[in-house]
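Biologist: Please put the model up, and I will ask about a few local features.

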Amino acid sequence: MPTRLLHISDTHLGNRQYGSDLRRNDFADSFEKAIEYAVEQDVDAVVHTGDLFDSRDPSLPDLNRCIDTLQRLELAGIPFYGIVGNHERKMDDQYLDLIEKTGAAERLTRHPTQVTDEVTLYGIDAVTKPAWHAEDFQLEAPPEDTFTILCMHQLLDPPVPDIFADHPLSDVLEQVNVDLDALALGDYHETVGTVETGTKVWYAGSTERCAKDEIEPRTVSLLEIDDGELTRREWELDTRDFITIGITFAEGDDHSYADDVIDRHNVEDKVVSVALNGEATSVTSRDVRKAVINRGAAVCRVDDQRGGPNIDLSGRPSGGIESADRLIQEKLGEQNLSEISLEIEERVRTGDVARSGFDNEVEELLIEAQDEAFDGQPATGAEGQE
Ligand SMILES: [Mn+2]
């Protein structure tokens, strides 16, 4: 009997894209469709490679609905395995731990998790850019004669194009001590794959569009492992359509001009992104938004670039910056900071610094780091402050 798995990633539950609750609901719906597909296919397990939630503080309704969805799997006797992504990653306990306590999910680790007699899973949570060089990719040995799959949440090149990648794929493949048959990845939202030195590597892609330049259909990956051979099939999710409308105004163009341009497009039930260019006129971005919504669009976002300097954006890579955290980590990665500084920085950035006891926590960390640096000798005086 072959082992069959459904690989899902980057569901970003709780994403109120463009400030819209309807979009938040779309993200939950898409996750639900993926889970229903897993039940329908009666797979042996579902594997999620991170960014289950869009933020590290998902709301209670988002958490609740996620658990409801996962319970459908539970009822069908299908386990759900996950790792933690960069969007949801907290310093200590993870929301995935909380879900694990309900019995609806299980975290993958460096210890082998055997799905069937034939397949072993491992997981390494998202590693921040500054911590990457110190990361230890050692895994506990798998049961003999099993197909090994490591799950990670990183941007690796290949298959991620060089300009979007954070690290070469070889960083992982050269350092993992176990003979890996496959590397199932999350973080990149497009569905791409490659094979390197006998290891199959791929991204399942996101289940909803997190940005308007995520144009390709959203997918999940159905994996079948038979006799040590993996085949992967993509299943397309039915997600809400996105369209972009450009309106270029000349001096004196009024509402009827904007209406004419909008009427050339079918906006019904779609996520509509409108770019206003050309001369500044009496038509406001609010007017345009209203006109689009009145024609039945689900969500409308207007980007008003009228009257400004003409900037040539054609040479800019598309894709954009996914999160401010990523940009901060990028810069920190260039700073060559000590591990302790990075840890304190992350605690301040991601935690609730107003929480009482935070200074004690930092002091403890510093003492611990000093002890370590001075080989257990209590640090004293100016020397210890270095
Ligand atoms: Mn993501």
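Biologist: Where is Pro159 placed?

Modeller: The numbering runs from 1 along each chain as its sequence is written. This is a predicted model, in which local features need pLDDT of at least 70, side-chain atom pairs count only at pLDDT 80 or more, totals for chains, interfaces and linings use all residues, and side-chain values use heavy atoms, with hydrogens and water left out. Helices (H or I, at least four residues) and strands (E, at least two) are DSSP runs numbered from the N terminus. On that basis Pro159 sits in the loop between E8 and E9.

Biologist: What is omega near for the peptide bond from Pro158 to Pro159?

Modeller: Pro158 is also in the loop between strand E8 (156-157) and strand E9 (167-168). The peptide bond from Asp157 to Pro158 is cis, with omega near -15°. The bond from Pro158 to Pro159 is cis as well, with omega near 10°.

Biologist: Which residue forms a salt bridge with Asp26?

Modeller: A salt bridge here is a side-chain nitrogen of Lys or Arg within 4 Å of a carboxyl oxygen of Asp or Glu, and the whole structure has 22 of them. The closest N and O atoms are 2.7 Å apart, and the partner is Arg23.

Biologist: Which helix gives the most to the lining of the largest cavity?

Modeller: On a 1 Å grid over the protein atoms alone, a cavity is a set of points where a 1.4 Å probe fits but cannot get out, a pocket is an open set with protein on both sides within 12 Å along at least five of seven lines, and lining residues have an atom within 4 Å of a point. Grid points are joined across faces, edges and corners, and a volume is the space filled by probe spheres set on the points. The largest cavity has a volume of about 110 Å³; of its 13 lining residues, the closest to the centre are Val127, Lys129, Asp166, Arg326 and Gln329. With 3 residues, the helix that gives the most is H7.

Biologist: Which helix gives the most to the lining of the second largest pocket?

Modeller: This pocket has a volume of about 730 Å³ and is lined by 30 residues, with Ala131, Glu339, Leu342, Glu343 and Glu346 nearest its centre. Helix H7 (324-333), helix H8 (339-350) and H9 each supply at least two lining residues. The helix that gives the most, with 7 residues, is H8.
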